[in-house]
Amino acid sequence: MGRAHVSGDRPVAGRYRLVEVTHRETNRVSWYADDLQAGRPCLVTLTELPRDAGEAARRAPSRVLRATESVSRLCPGRTATVVDAVDENGSLWTVTAWIDGTPLDEVLAQQGTFTPARAARIALEVLDVLDAAHAEAVTHGELSPGQVFLREEGPVVVTGYGLAGTTSAPRLTAPSYASPEQARDQRIGPAADLWALGAIVYTMLEGRPPFRDRGRPEATLRGVDRLPLRAPLRSGPLTLVVQGLLRKDARERLNRQVVREMLTRALSEGPGAAAAEPANARPRGAGRAWGGRTLVLGTALAVVTVAVTVLAATQELPGTGDGTAADAPPVSVSAPAGPGTPGDASGGASPGGRDTAPPAAAPTPSPSGTGGLPPGFRTYRAPEGFTVALPAGWKRLDTSGTPGLAYRVTFGAQGDPRTLAVTYSERVGSDAVAVWRDDVEPRLVRSGGYRRIGGIRARTYQGREAADMEWYAEDDGARVRTFGRGFLLGGGRGFSLRWTTPAADWDEPAGREALRTFLRTFRPGTG
């Protein structure tokens, strides 16, 4: 395969500024990036093409765009929205609307193997996408755990359509998930995707792919073709599904209808099926970033002076209590979160300061689909380096911190009781959920009038792990409600956002629109 030289200083196609690597697999690297023209985040993926791709490399972008457009029409909201594809120096760059989710292989690296019920649910959602595409004779051909994104809300999102057949190579990415017919460089069809689905289910249950990566794609493909399948040991009720999909002869594999019936049966009849965990569930206290990454979201600051300690205790981000995709840009494939019932505002707290009220509903994403700002908002560029869109009339109300270590900037307007606080620190911890729970919350409890709404929610924000916490408090005798979100930039550096409003005004449309816009437009500086 080719070897692309990537420069962080030169935007891809003169438009997409690479910010951070979010995912790697064989011959494929993805970045969180900024679209400099549209002013919104995106996912930019580099796929290395064979050195001798030649004319095929030049045709690859149009092929990818056509294929993804076709599949998006067949299965809207379930496949990644590709907004651009370019060939630069023989390498294929694919630009996708940002997906507020995590690749399946990264989730597996963090959490370990899945239960059969959870694996069956994910497999059924992937099968929905394959069914829609296969009905129109569209084969994925590059399916792997890295192409399946799990989201906090809504079904999985599948990426990577249009790569198969781009060049003469039998498989461009993740050769461990290639079908035997691909390994033999034969013509492929829907059966190749079913093999890949079987390999994904095997990996979710067994903790490893059915055929290991041998370092060189050609060696891995030989193993897929010639070696026997390692018998599944932890697949339980899905053993027959795995074995039936991973048959070397494509003609002997289970068909989609049979696979669907078997997965549905395993899901409905398995132990604890009535309360089966959601496909995108995270373990309690999970706070590490995508596998191998150092980015961890920290909503609260680990402070170094009394002044900064007070800030950290009183000004963390107001958050959406249910962890839905309030921050997703309008072009995101994330499903909109419906309006919900806010947490109880009566003020009663359970023992220990824990709140038993249900999580409050997140603001619904903007339906405009334009990626622009709501009327009256403008982009503010702080001298500290970060940017965020603010409502008309808003300005900096207060700035405090410790030079070189931490700062907090509070925004608002005269006569407006609402505020937004942006906090930066170079001393954040490595587990955002734990920071909220162990560092920030005890100080809030001591401040009086505090009551948390719902749980502390781990989530992904702009390609980084983040955590949300929401609470009630007293401010000069008035009851206020705060939403907090924090995330790390790596190396101990982190930002948090805090949105505070009078509790009685929490459901005001203007306030929800403001919070949506803050989360969608905030871009971190380096501090």
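**View 1. Helix 3 passes helix 5 in a right-handed crossing.** This is a predicted model, so local features need pLDDT of at least 70, side-chain atom pairs count only at pLDDT 80 or more, and totals for chains, interfaces and linings use all residues. Residues are numbered from 1 along each chain as its sequence is written, and side-chain values use heavy atoms, with hydrogens and water left out. Helices here are DSSP runs of H or I with at least four residues, strands are E runs of at least two, and both are numbered from the N terminus. The axes of helix 3 and helix 5 (residues 190-206) come within 10 Å and cross at roughly 165°; axes are lines fitted to C-alpha atoms over the stretch in contact, with angles running from 0 to 180 degrees between N-to-C directions. That makes the pair roughly antiparallel, the label for angles over 145 degrees. Right-handed means the near helix is turned clockwise from the far one by less than a right angle, and left-handed means anticlockwise.

**View 2. Side chains where helix 3 meets helix 5.** On the helix 3 side you'll find Ile122, Val126 and Leu130 among the contact residues, and helix 5 brings in others, including Leu194, Leu197 and Met204. Contact means heavy atoms within 4.5 Å. The tally is 13 nonpolar, one polar and one charged; Ala, Val, Leu, Ile, Met, Phe, Trp, Tyr, Cys and Pro count as nonpolar, Asp, Glu, Lys and Arg as charged, and the others, Gly among them, as polar.

**View 3. Helix 3 against helix 8, a left-handed crossing.** Helix 3 (residues 116-134) and helix 8 (residues 256-269) have axes that come within 9 Å and cross at roughly 155°, so these two are roughly antiparallel. Contact residues include Arg121, Asp128 and Asp131 of helix 3, plus Arg256 and Arg260 of helix 8. This contact divides into eight nonpolar, two polar and five charged residues.

**View 4. The largest cavity, about 240 Å³ in volume.** A cavity is a set of points on a 1 Å grid where a 1.4 Å probe fits but cannot get out, and lining residues have an atom within 4 Å of a point. Thr94, Thr96, Gln147, Thr159 and Gly160 are the closest to the centre, out of 26 lining residues. Helix 1 gives the most, with four residues. By class, the lining has eleven nonpolar, 14 polar and one charged.

Key:
Angles under 35 degrees count as roughly parallel, over 145 as roughly antiparallel, 65 to 115 as roughly perpendicular and the rest as oblique. On a 1 Å grid over the protein atoms alone, a cavity is a set of points where a 1.4 Å probe fits but cannot get out, and a pocket is an open set with protein on both sides within 12 Å along at least five of seven lines; lining residues have an atom within 4 Å of a point. Grid points are joined across faces, edges and corners, and a volume is the space filled by probe spheres set on the points.
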